[in-house]
Amino acid sequence: AGRQERGIRSRLRTWKSEAAKLAAARSVLIIGGGPVGVELAGEILTKFPGKEVTITDRSKGLCSSFHPSTKRYVMEWLQKRGCRLVLGVPIDGKYPDLAVDEKGCRLATGERLNADRVYKCFGMKPATQWLRASLPEGAFDTQGFLRVNHHLQVEGFKTIFAMGDCMAHKPSSELKLGHTAEVNAHLVVENVRRLESKQSKPLLCYPVGVVHARRTPLIYCISLGKHSASLGFNWLVVNGLLAAIFKW
């Protein structure tokens, strides 16, 4: 559908079409128990309390990279609203050729999960294909991410920087979140300024040059419908209505 969208009006038609399909569905399967899958489940269960919603993930818990308090809270919130959790079992097949279709998926155990609507919310390859005509093959890793150095410059290029979901900065190995993309951007902007400056200032290294630490702080807010969420800042976690207000 995305390839056919030429502007905001065509995107709006897609939204309305997808919303109508979701409203008509009796059951929903969400593949992926990370923040995207959890937030989608929260929205659906809030808008359509009677729908059968299932989340499946190869991990044994939801939002496995986040604080234990967040993991417990989102799991309890979803289970109280009747969400079925099928965890700890991978999907049959090898990525990207997984046993997933428009009506469900087959697990490695042979069990089949069926639903009227299926949403893929698991890690996919970055959308960098359009860059391959402009950059050499060596600029990409085996998964399609742009390789960057400590200054977030694309490997082999002085004046091309990459940030956010399209690049892989191996030393930091940080989660791909809106917050981390913003931190990436702050460093890139400063390094571009330094390149343009006549003072010959050295380029900053990521992430020390922007957060003054070897790791970026883990900041997130996972929504569970409009009136609940889990807000985290490293070890500090706030769950419930107050957390949701921060995202309104």
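**View 1. Strands S13 and S14 pair in the antiparallel sense over 5 bridges.** S14 covers residues 236-240. Strands, like helices (H or I, at least four residues), are DSSP runs (E, at least two residues), numbered from the N terminus. Two strands count as paired if DSSP finds at least two bridges between them. Leu231 stands opposite Val238 in S14. S13 and S14 form a hairpin with 2 residues between them, and Asn234 in the turn has a positive phi of about 55°.

This is a predicted model, in which local features need pLDDT of at least 70 and side-chain atom pairs count only at pLDDT 80 or more, while totals for chains, interfaces and linings use all residues. Residues are numbered from 1 along each chain as its sequence is written, and side-chain values use heavy atoms, leaving out hydrogens and water.

**View 2. Strand S12 (residues 219-223) runs antiparallel to S13 and is joined to S13 by 5 bridges.** Ile222 has Ser230 in S13 as its bridge partner. The hairpin of S12 and S13 has 5 residues between the strands, and Gly225 there takes a positive phi near 75°. S13 (residues 229-233) is mostly covered, with 4 of its 5 residues buried. Buried means under 20% relative accessible area, exposed means over 50%, and partly exposed lies in between (1.4 Å probe, protein chains only).

**View 3. Cys63 and Cys221 without a disulfide bond.** A disulfide is a pair of cysteine sulfur atoms within 2.5 Å, and by this rule the count is 0. The closest cysteine sulfur to that of Cys63 belongs to Cys121 and lies 11 Å away, so the distance is too far for a bond. For Cys221, the nearest cysteine sulfur is that of Cys63, 12 Å away. Cys63 is buried, at 1% relative accessible area, and Cys221 also counts as buried, at 16%.
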